[in-house]
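Colleague: I would like to learn how to read a protein model. Could you take me through some features one at a time?

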Amino acid sequence: MALPPSDTIAAIATPSGNGGVGIIRISGPLVATLGKQLCNKNLIPRYASYSTFTDQDGNLIDSGIVLYFPGPASYTGEDVLELQGHGGAVVLNMLLKRVLSLGARLARPGEFTERAFLNNKIDLVQAEAIADLIVSSTEQSVRSAQKSMQGVFSEQINVLVEDLTEVRIYVEAAIDFVDEEIDFLTDGIVEKRVVNLQQSIEKIQQTARQGRLLRDGMTVVLAGKPNAGKSSLLNALAGHEAAIVTDIAGTTRDVLRERIQVDGMPLHIIDTAGLRDSDNPVEQEGIRRARAEIDKADKILLLIDAREPEPQELLASLPAHLDVTRIYNKIDLQAKSPAIEQTAQGTQIFLSVKTGQGMELLTQHLKQSVGYNASADNVFIARTRHLEALKSAYDFVESALTQLRINQAGELVAEDLRQAQQSLAEITGEFTSDDLLGRIFSSFCIGK
């Protein structure tokens, strides 16, 4: 991992354009000297004072509020200076140019937060949560990002790492004292603790999946036979005529995408071509694209005409790992009441897209699927890389359990547990490549 840098950085921290207030943020060892030259006075720590900002000839650039935070008690862990002036684009750029002339350099995207991480002010999960908070589009995702910023996710990972460490110590002792009368690997203690670890990781995985969906939005693919009502459902969820709807089977030939919010919940809705046998090359390509989208979906809404027999062949053709909800549409033509039922095959909902009957049941089901109604006390924001690291840790722990039960191979158990711990450490940044750090922080906005 890279060492904390020793130069001074500066950037405009407010959005581009004109506004009432504009902020320039500066961090690094030159802050105190730079602030004195710029403001023509000594800076008082943690005290908001009015000041003028002048150029090298003493001419006025702007005036406003100065805030000075000596390190390590600052956002970055270094000396930090914030200049709060007027929000005009020209005046802010003039002030930034003056700061750069005094020895600072322009900050890269996310570099202030990166320095906070490198100076152990926050861990990597908290750093990512800061970026996620800034771009959050719903109240639920804001609350979840706040949980991660406060360390809820990190604390759970740290507890797992501590438990793993204790098990590793026990296994290593069993290896070192192999000649003792007690066989530590077969006394049941290690197996029980490894099983508990596996269950703990699985529990965190479930919450992290919800957090990832709240951050990125759930991808929902509308699938089914032609004329089942897929495009009508897309229009109903989107609130406008996003797709052409006709009585002609096979109207939809391509993939249609809509990013919408349902009661503030982010959803990526994808309408696809009707699934059937066809000799039409254009329709065949549409069906191929539909299958490709189905394979990548978080959830499938399988539209079924409630008047027709259940499409067993179509259901059997869907990948087994998919989360499929069967939507029996057009109940208004059968005088059937809207309903939601849980069966051995999963959830099924009876509704009418045309009349709106039962649409609220679908909305509630989608919210529950994404974890929208989960308590804010246990849902934290999560990213795809977190899920990948948790899966890697789970797989290594599962491998360790196999080595323990079948082969009694202490050295292999110890290695699998070490790899699992390393995977978990990648989440918080205790063990993280510089390349990964570069990719993470480059996605931040400049000034943060």
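Modeller: We will go through strands, a helix, a core, a pocket and a loop. This is a predicted model, where local features need pLDDT of at least 70 and side-chain atom pairs count only at pLDDT 80 or more, while totals for chains, interfaces and linings use all residues. Residues are numbered from 1 along each chain as its sequence is written, and side-chain values use heavy atoms, with hydrogens and water left out.

Colleague: In what order do the six strands of the open sheet lie?

Modeller: Strands of a sheet pair through backbone hydrogen bonds, either parallel or antiparallel. Strands here are DSSP runs (E, at least two residues), as helices are (H or I, at least four), numbered from the N terminus. Two strands pair if DSSP finds at least two bridges between them. In this model the order is β3-β4-β5-β2-β1-β6, with mixed pairing. The edge strands, β3 (49-54) and β6 (105-106), each pair on one side only.

Colleague: How many bridges join β2 to β5?

Modeller: Eight, between residues 19-27 of β2 and residues 80-87 of β5, and the two strands run antiparallel. Val21 has His86 of β5 as its bridge partner.

Colleague: How many residues lie between the strands of the β12 and β13 hairpin?

Modeller: Two residues lie between them. Five bridges join β12 (residues 339-343) to β13 (residues 346-350), again antiparallel. Gln342 stands opposite Thr347 in β13.

Colleague: Next, a helix. How many residues of α8 are buried?

Modeller: Buried means under 20% relative accessible area, exposed over 50%, and partly exposed in between (1.4 Å probe, protein chains only). Helix α8 (residues 230-238) is mostly covered, with seven of its nine residues buried. Among them are Lys230, Leu233, Leu234 and Leu237. After α8 comes Gly239, with a positive phi near 85 degrees.

Colleague: Which residues touch the most other members of the largest nonpolar core?

Modeller: In soluble globular proteins, nonpolar side chains tend to be buried together. A nonpolar core is a set of buried Ala, Val, Leu, Ile, Met, Phe, Trp, Tyr and Cys residues joined through side-chain atoms within 4.5 Å. The largest one has 32 residues, and Leu390, Leu424 and Ile427 touch the most other members. At least two residues come from each of α6 (152-176), α7, α12 and α13 (410-428). α12 gives the most, with nine residues.

Colleague: What is the volume of the largest pocket?

Modeller: On a 1 Å grid over the protein atoms alone, a pocket is an open set of points where a 1.4 Å probe fits, with protein on both sides within 12 Å along at least five of seven lines; lining residues have an atom within 4 Å of a point. Grid points are joined across faces, edges and corners, and a volume is the space filled by probe spheres set on the points. The largest pocket has about 630 Å³. It has 19 lining residues, and those closest to its centre are Arg209, Arg212, Leu213, Asp298 and Leu387. α7 gives the most to this lining, with six residues.

Colleague: Last, a loop residue. Is Pro15 buried or exposed?

Modeller: Pro15 counts as exposed because its relative accessibility is 69%. Pro15 is found in the loop between β1 (9-12) and β2. Pro15 and Gly447 are 432 residues apart in sequence but 9.2 Å apart in space, C-alpha to C-alpha.
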